Amino acid sequence: MTETSLRQSGVRWLWLALILFVADIAIKYVVMNNMGYGWKNSIEILPFFNLTYVHNYGAAFSFLSDQSGWQRWFFTAIAFAVTAMLTYWMSKLPAKEKWNNIAYAMIIGGAIGNVYDRIMHGYVVDYLHFYIGDFHWPAFNLADSTICIGAAMIILDGFISKDKAKV
């Protein structure tokens with residue numbers, strides 16, 4: 001791929017991934033350095049939302065968090081593979097195709113944010129805690145949010161693209 005075509009490709013959107021990564025890590029360090037660990041140290045923000053500093057040794061919703069430690073490297077490898085795949089796809093998309101490039105950059109930024117935690121700490125730092133009455137969602141973070149939003153954008157694009165093709 002030539003320099004000109006690379007410059008015109010979707011990789012130009014990796015700046016968004018970098019911003020999301022930096023914001024995610026910065027927030028996590030603020031949480032780690034200024035909050036007590038655990039549910040007893042939660043800070044109530046709204047009647048359904050707390051800031052709660054917890055460690056997640058697994059993946060989304062603490063999936064596999066009770067395993068012996070192999071999951072740390074498994075999820076790290078998956079994040080690197082997904083990041084490589086999405087970066088490759090971005091290199092094939094024109095920069096002007098904003099929707100998918102933004103979605104891919106959001107996933108990449110979030111994935112690398114959580115990989116940083118896994119490598120540096122051995123766990124992911126979570127702090128966003130939503131609940132309704134006695135029902136509590138597992139805590140999550142900005143990186144998890146950007147991954148989910150990016151994935152939802154890709155799914156939505158699949159439906160929109162199909163609708164456009166029918167017209």
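This is a predicted model: local features need pLDDT of at least 70, side-chain atom pairs count only at pLDDT 80 or more; totals for chains, interfaces and linings use all residues.
1. An α-helix has 3.6 residues a turn, so residues three or four places apart point the same way.

2. A second salt bridge joins Asp117 to Lys28, with 2.8 Å between the closest N and O atoms. This pair links distant parts of the chain, since Asp117 sits in helix 4 and Lys28 in helix 2, 89 residues apart.

3. Helix 4 (residues 98-121), which carries Asp117, can be checked for its length: at 1.5 Å a residue its 24 residues should span 34 Å, and the end C-alpha atoms are 34 Å apart, which agrees. After helix 4 comes Gly122, whose phi is positive, near 90°.

4. Thr76, in helix 3 (residues 70-92), is buried with a relative accessible area of 5%, and, leaving aside residues up to four places away in sequence, Thr76 touches Val115, Arg118 and Ile119. Thr146, in helix 5 (residues 142-166), is buried with a relative accessible area of 5%; with the sequence neighbours up to four places away again left out, Thr146 touches Leu20, Met106, Ile107 and Gly110. The C-alpha atoms of Thr146 and Gly110 are separated by 5.6 Å, although these residues are 36 residues apart along the chain.

5. Turning to the strands, strand 1 (residues 43-46) and strand 2 (residues 49-56) pair in the antiparallel sense over three bridges, and Ile43 has Leu51 of strand 2 as its bridge partner. The two strands form a hairpin with two residues between them. Phe48 is found in the loop between strand 1 and strand 2 and is partly exposed, with a relative accessible area of 40%. Together with Ile43, Ile45 and Leu46, Phe48 forms a nonpolar patch on the surface, for which the accessible area is about 330 Å² in total.

6. Strand 2 also runs antiparallel to strand 3, to which six bridges join it, and Asn56 stands opposite Val124 in strand 3. How many of the nine residues of strand 3 (residues 124-132) are buried? Seven are, so strand 3 is largely enclosed by the rest of the structure.

7. Strand 3 in turn pairs with strand 4 (residues 135-136), in the antiparallel sense and over two bridges, with Ile132 standing opposite Phe135 in strand 4. Strand 3 and strand 4 form a hairpin with two residues between them, and Gly133 in the turn has a positive phi of about 60°.

Conventions
Residues are numbered from 1 along each chain as its sequence is written. Side-chain values use heavy atoms; hydrogens and water are left out. Two strands pair if DSSP finds at least two bridges between them. Helices (H or I, at least four residues) and strands (E, at least two) are DSSP runs, numbered from the N terminus. Buried means under 20% relative accessible area, exposed over 50%, partly exposed in between (1.4 Å probe, protein chains only). Contact means heavy atoms within 4.5 Å. Patches are made of residues with over 30% relative accessible area and no salt bridge: like charges are joined within 9 Å, nonpolar side chains (Val, Leu, Ile, Met, Phe, Trp, Tyr) within 5 Å. Accessible areas come from the Shrake-Rupley method with a 1.4 Å probe; for residues, only the protein chains shown count as cover. A salt bridge is a side-chain nitrogen of Lys or Arg within 4 Å of a carboxyl oxygen of Asp or Glu. The expected span of a helix is 1.5 Å times one less than its number of residues.
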